[in-house]
Amino acid sequence: MSVPPQAFVNKNKKHFLGIPAPLGYVAGVGRGATGFTTRSDIGPARDANDVSDDRHAPPAAKRKKTEEEDDDEDLNDSNYDEFSGYSGSLFSKDPYDKDDAEADAIYESIDKRMDEKRKEYREKRLKEDLERYRQERPKIQQQFSDLKRELKVVTEEEWAAIPEVGDARNRKQRNPRAEKFTPLPDSVLSRNLGGESSTSIDPGSGLASMMPGVATPGMLTPSGDLDLRKIGQARNTLMTVKLSQVSDSVTGQTVVDPKGYLTDLQSMIPTYGGDINDIKKARLLLKSVRETNPNHPPAWIASARLEEVTGKVQSARNLIMKGCEVNPSSEELWLGGGGLQPRDTARAVIAHAARNLPHSVRIWVKAADLEQETKAKRRVYRKALEHIPNSVRLWKAAVELENPEDARILLSRAVECCPTSVELWLALARLETYENARKVLNKARENIPTDRQIWVTASKLEEAHGNTHMVEKIIDRAITSLSANGVEINREHWFKEAMEAEKSGAVHTCQAIIRAIIGHGIDPEDQKHTWMEDAEACAHSGAYECARAIYGYALSVFPSKKSIWLRAAYLEKQHGSRASLEALLQRAVAHCPKSEVLWLMGAKSKWLAGRTPVLMFTFNVVSCRFKLFIVLKKCATSVPMWILLSRLEEKLKHVTKARSVLEKARLRNPKNPELWLESVRLERRCGAADISSAVMAKALQECPAAGRLWAEAIFMECRPQRKTKSVDALKKCEHDAHVLLAVSQLFWTERKLNKCREWFNRTVKIDPDLGDAWAFFYKFELLHGTEQQQEEVKNRCKSAEPHHGEQWCRVSKDIANWCYSTEQVLLLVARDLPVPT
């Protein structure tokens with residue numbers, strides 16, 4: 001077996017050569033070597049997973065102490081923030097577990113969600129700010145973008161004809177040499193001012209005298225220095241002499257006011273309050289725009305406005321007129337030029353504009369406005385109509401200047417030139433006769449089949465000439481025709497037409513429009529509510545006929561709705577006549593026979609209609625009795641109607657019938673104190689005291705807690721027995737205001753004034769809404785109290801605002817006292833009250 005040659009070569013090689021050194025090995029440490037660290041030990045050459053080599057680390061105890069000092073947080077108060085806490089983390093030493101990671105993930109998702117919610121608003125805000133900034137400070141590129149866009153229409157020949165840009169200045173201008181100045185010493189000036197001038201150079205100073213012939217010995221101080229105070233005095237003297245020479249002419253007339261000279265100069269300063277630099281910049285920019293694009297009218301207009309604002313009116317006029325020369329087809333430029341010129345010059349400018357732009361309506365209107373005489377205005381408008389015969393504005397302006405006959409002729413021609421103008425057709429119809437107006441409106445409907453005003457005008461025309469039967473047909477045809485031509489039927493617009501018709505006196509047209517349009521587009525379940533709102537809105541706007549028409553149509557659809565009848569009755573009561581109210585109420589009770597309120601309103605209306613100066617009868621007896629019988633058949637539980645019928649029979653001297661009416665009422669309404677009280681009073685009015693006492697006894701048995709019956713019973717007794725009766729009344733009705741009022745009157749009759757006042761106070765305290773108690777209390781104070789007590793009772797009554805009481809309601813509900821205040825009613829009731837005996 002042969003041995004390879006390498007075996008002889010590697011025979012003496014050590015086994016550890018080529019093997020990495022063990023961890024912590026330091027070469028020569030056995031010989032006392034301390035070791036050293038190379039870049040490979042600390043750089044990227046070391047693997048990240050290698051155990052750290054601490055051979056050069058400081059001692060363990062000292063290093064541990066340093067690490068503890070580094071780990072400690074700075075918890076000083078100066079390092080604390082109210083929002084973020086200490087600069088470091090108080091929990092940095094704690095382990096970071098799964099809960100911490102989950103919490104951080106949740107907070108991160110919340111932050112991300114909040115950022116997404118604000119993202120749209122933030123981007124929108126940023127975009128708006130950027131657009132506002134671009135508008136306020138546009139780039140030069142944006143300012144000339146329109147010019148760049150126009151470069152696409154430049155032909156190749158025009159582009160080749162553009163000259164090359166070169167520097168045409170001469171060499172001296174291209175390379176100017178900087179001028180050098182040498183400052184002159186003050187000593188040279190002071191020395192040369194004191195002596196004669198010299199044209200030679202002073203060998204001592206090396207400079208030539210720079211101020212020949214100016215030196216004056218009188219302006220030098222003894223030391224040879226310049227006296228600036230005397231120079232100032234000499235300047236003032238010279239200015240005074242010049243002003244004196246200018247102020248007086250040869251004849252002695254003053255032409256310049258020396259004292260107001262500076263004031264006049266101040267008045268010549270432009271009134272523009274902006275920065276002069278901004279004006280210059282704007283002027284340069286506008287000049288650049290004009291030169292770049294002279295066919296751009298807004299540039300000329302803006303330049304003229306700038307000069308006008310800064311007080312340079314003549315410059316503004318020159319600019320605007322130059323712009324008119326460059327752009328003779330610009331309407332705005334001509335109008336602006338006419339506005340800046342005086343009247344005479346403006347007329348010439350606008351005339352020139354009319355020749356250049358004969359089809360501009362605004363220029364012709366401006367030309368007419370500049371004329372002062374009506375004849376000249378007419379001439380201008382007629383000239384304008386020759387060029388622009390289809391301008392409605394010019395026709396209207398021309399018609400306004402003519403008399404009715406000439407206006408009719410003009411309008412006849414106007415509707416031929418402008419057949420789609422509703423205003424012209426309607427104006428012509430108003431000036432024509434009835435027959436011709438009908439023809440005009442028929443032609444207008446043919447030319448403009450989609451306008452409702454023509455139909456409404458035709459309806460008003462028929463109503464004005466007494467053809468009310470045609471009004472309904474015309475409005476119905478209008479709705480049908482407009483719907484067939486695709487016009488949307490808008491209820492609000494038609495309601496406005498109805499209101500306008502009512503204001504113009506066309507009541508039938510107003511009502512016809514309401515009846516035709518009220519049910520359009522309304523669901524059946526919303527009809528009543530919607531119609532009531534429409535009626536209230538019309539009444540609030542003062543359109544009472546519209547509201548009346550709405551109620552009428554609603555009652556035709558809902559004849560048994562009491563609420564609609566009441567609303568219609570209130571409308572007639574406030575804004576109608578008594579005849580219309582009674583007619584409405586007659587229809588109301590026919591459709592709603594069980595409505596007590598409607599019957600009472602009808603009876604009250606009849607009552608008020610029959611009032612006479614002597615107040616004999618309140619209404620027609622026969623008709624009212626018949627109506628009351630009908631009411632009581634339908635409303636047998638209505639106590640006021642029974643009492644009203646009883647009093648009617650009593651006034652007719654039918655006492656027995658009146659008693660039977662009350663007895664029948666008590667059978668229908670048992671235990672009703674009002675009916676028992678009326679029976680007692682009926683007997684007393686007839687003089688049957690015994691019968692009234694018997695009836696009162698029965699009433700107290702059936703209604704033992706009725707305070708009004710007990711109060712009446714107290715004063716039915718003779719004087720010695722009243723006190724006993726009052727005690728019984730107080731036992732039964734201790735807190736009834738009527739009983740307390742009767743006891744107060746009882747003390748009044750016995751002249752026990754303090755007790756009477758005390759019981760009056762108790763009465764009004766228990767029931768402050770009882771007006772009779774306040775009236776008796778005030779009557780008592782008028783007779784036995786002081787002025788202060790009287791005023792106190794009056795003020796308390798006004799604060800309470802009572803509404804009930806037999807005597808109180810008799811005055812407060814009187815139609816003649818409808819506008820009386822609480823104080824006035826109190827005075828009237830107290831005046832008519834009898835003193836209790």
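User: Is Arg668 buried, partly exposed or exposed?
Analyst: The model is a predicted one. Arg668 has a relative accessible area of 44%. Buried means under 20% and exposed means over 50%. Because the value for Arg668 lies in between, the residue is partly exposed.

User: Which elements give two or more residues to the positive patch on the surface?
Analyst: The patch of positive charge gathers Lys633, Lys634, Lys664 and Arg668. Arg668 has its place in helix 34. The elements that contribute two or more residues are helix 32 (621-634) and helix 34 (655-668).

User: Which residues does Glu472 touch, leaving out those up to four places away in sequence?
Analyst: Glu472 belongs to helix 24, which covers residues 468-484. Its C-alpha atom is separated by 9.0 Å from that of Arg515, a residue 43 places away along the chain. With residues up to four places away in sequence not counted, Glu472 touches Ala512 and Arg515.

User: Is Glu472 buried, partly exposed or exposed?
Analyst: The relative accessible area of Glu472 is 28%. The cut-offs are under 20% for buried and over 50% for exposed. Glu472 therefore counts as partly exposed.

User: What share of the residues of the protein counts as buried?
Analyst: The secondary structure consists of 44 helices and two strands. The accessible surface comes to about 55,600 Å², with 53% of it belonging to carbon and sulfur atoms. Of the 837 residues, the share that counts as buried is 32%.

Conventions. Residues are numbered from 1 along each chain as its sequence is written. This is a predicted model: local features need pLDDT of at least 70, side-chain atom pairs count only at pLDDT 80 or more; totals for chains, interfaces and linings use all residues. Side-chain values use heavy atoms; hydrogens and water are left out. Patches are made of residues with over 30% relative accessible area and no salt bridge: like charges are joined within 9 Å, nonpolar side chains (Val, Leu, Ile, Met, Phe, Trp, Tyr) within 5 Å. Accessible areas come from the Shrake-Rupley method with a 1.4 Å probe; for residues, only the protein chains shown count as cover. A salt bridge is a side-chain nitrogen of Lys or Arg within 4 Å of a carboxyl oxygen of Asp or Glu. Lys and Arg count as positive and Asp and Glu as negative; His and the chain ends are not counted. The place of a charge is taken as NZ of Lys, CZ of Arg, CG of Asp or CD of Glu. Helices (H or I, at least four residues) and strands (E, at least two) are DSSP runs, numbered from the N terminus. Buried means under 20% relative accessible area, exposed over 50%, partly exposed in between (1.4 Å probe, protein chains only). Contact means heavy atoms within 4.5 Å.
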